[in-house]
Number of protein chains: 2
Amino acid sequence: MIKNDIALEIEKKSEFNRAKSLLIVEAVLSTLKEALTNEEKIEIRGFSSFKVVRKKTGFGRDIRRKKQIKIKKGKRIKFRPGQDLKNIK
Amino acid sequence: MIKNDIALEIEKKSEFNRAKSLLIVEAVLSTLKEALTNEEKIEIRGFSSFKVVRKKTGFGRDIRRKKQIKIKKGKRIKFRPGQDLKNIK
DNA sequence: AAGGGCGATATCGTTCTTAATCATTGACGT
DNA sequence: ACGTCAATGATTAAGAACGATATCGCCCTT
């Protein structure tokens with residue numbers, strides 16, 4: 001599923017046309033993105049939660065040269081599925 | 001940020017009222033949820049991707065009794081931030 | 001319709017997540 | 001605004017993910 005597929009579903013579920021649905025989808029996604037960029041926690045019951053956490057890893061690996069590589073400290077986004085998504089069969 | 005906060009943002013970014021914005025947000029989220037429940041991969045450039053993967057872990061831990069616990073095989077949702085979210089400062 | 005970038009993949013060692021449970025905080029429907 | 005029930009935090013140990021890089025694949029903008 002890609003962005004356009006989501007817009008298609010919105011089109012079916014609402015009275016909006018495809019173009020409008022796409023704008024709506026992008027508005028929702030950009031809102032989430034902005035919040036996470038601001039390191040804001042997001043919690044939506046029944047769907048999932050997102051949290052920005054500190055990266056503690058200090059180094060990585062280079063495939064080709066097989067030697068250590070410095071990794072800058074930074075942030076990570078932690079995703080946790082909600083109740084409905086936790087036990088999908 | 002909770003679901004209502006997202007609706008508030010949609011209200012500001014669009015010409016919809018609060019109630020309509022909330023319905024829109026729920027439509028988008030439920031669309032994503034349905035896709036993941038169907039084990040469908042989701043990929044949105046510039047935002048993130050979701051993928052359903054097989055759980056391979058075979059056991060867990062009981063805090064109280066400090067012993068292993070059988071874990072049924074199942075599925076997990078893997079979240080990967082996109083380009084924009086990967087290196088938030 | 002098509003090319004340009006972005007995302008996926010493979011690799012390896014260290015770091016981190018996962019699972020169950022109870023209490024507490026707090027999201028969200030009425 | 002209140003009440004209900006989901007989400008968080010803590011714990012342990014094993015197994016999986018993370019991180020940099022180049023190439024391939026394909027989403028998305030023009």
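Modeller: A nonpolar core is a set of buried Ala, Val, Leu, Ile, Met, Phe, Trp, Tyr and Cys residues joined through side-chain atoms within 4.5 Å, where buried means under 20% relative accessible area, exposed over 50% and partly exposed in between, with a 1.4 Å probe and protein chains only. This is a predicted model, in which local features need pLDDT of at least 70 and side-chain atom pairs count only at pLDDT 80 or more, while totals for chains, interfaces and linings use all residues. Residues are numbered from 1 along each chain as its sequence is written, chains are lettered from A and ligands numbered from 1 in the order in which they are written, and side-chain values use heavy atoms, leaving out hydrogens and water.

Biologist: At what angle do α1(A) and α2(A) pack?
Modeller: Axes are lines fitted to C-alpha atoms, for helices over the stretch in contact, and angles run from 0 to 180 degrees between N-to-C directions. Contact means heavy atoms within 4.5 Å, and among the residues that meet are I6(A) and I10(A) in α1(A), with L22(A) and V25(A) in α2(A). The axes of α1 (residues 3–13) and α2 (residues 18–37) of chain A are 8 Å apart, and the helices pack at an angle of about 115°.

Biologist: How is chain A related to chain B, and which residue of chain A has the C-alpha nearest the axis?
Modeller: Superposing the copies by least squares on the C-alpha atoms of residues with pLDDT of at least 70 in both, a rotation of 180° with 0.0 Å of shift along its axis brings chain A onto chain B with an RMSD of 0.1 Å. The two copies are thus related as by a two-fold rotation axis. In chain A, the C-alpha nearest that axis, 3.1 Å from it, is that of F79(A).

Biologist: Is T31(B) buried or exposed?
Modeller: T31(B) lies in helix α2 (residues 18–37) of chain B, and, not counting residues up to four places away in sequence, T31(B) touches M1(A), I6(A), E9(A), I10(A) and K13(A). Because its relative accessibility is 1%, T31(B) counts as buried.

Biologist: How many residues has the largest nonpolar core?
Modeller: Those with the most contacts inside this core are I6(A), I42(A), F50(A), I42(B) and F50(B). One of them, I42(B), touches M1(A) as well as residues of chain B including L32(B) and F50(B), not counting residues up to four places away in sequence. The number of residues in the largest nonpolar core is 42.

How values were computed:
Helices (H or I, at least four residues) and strands (E, at least two) are DSSP runs, numbered from the N terminus.
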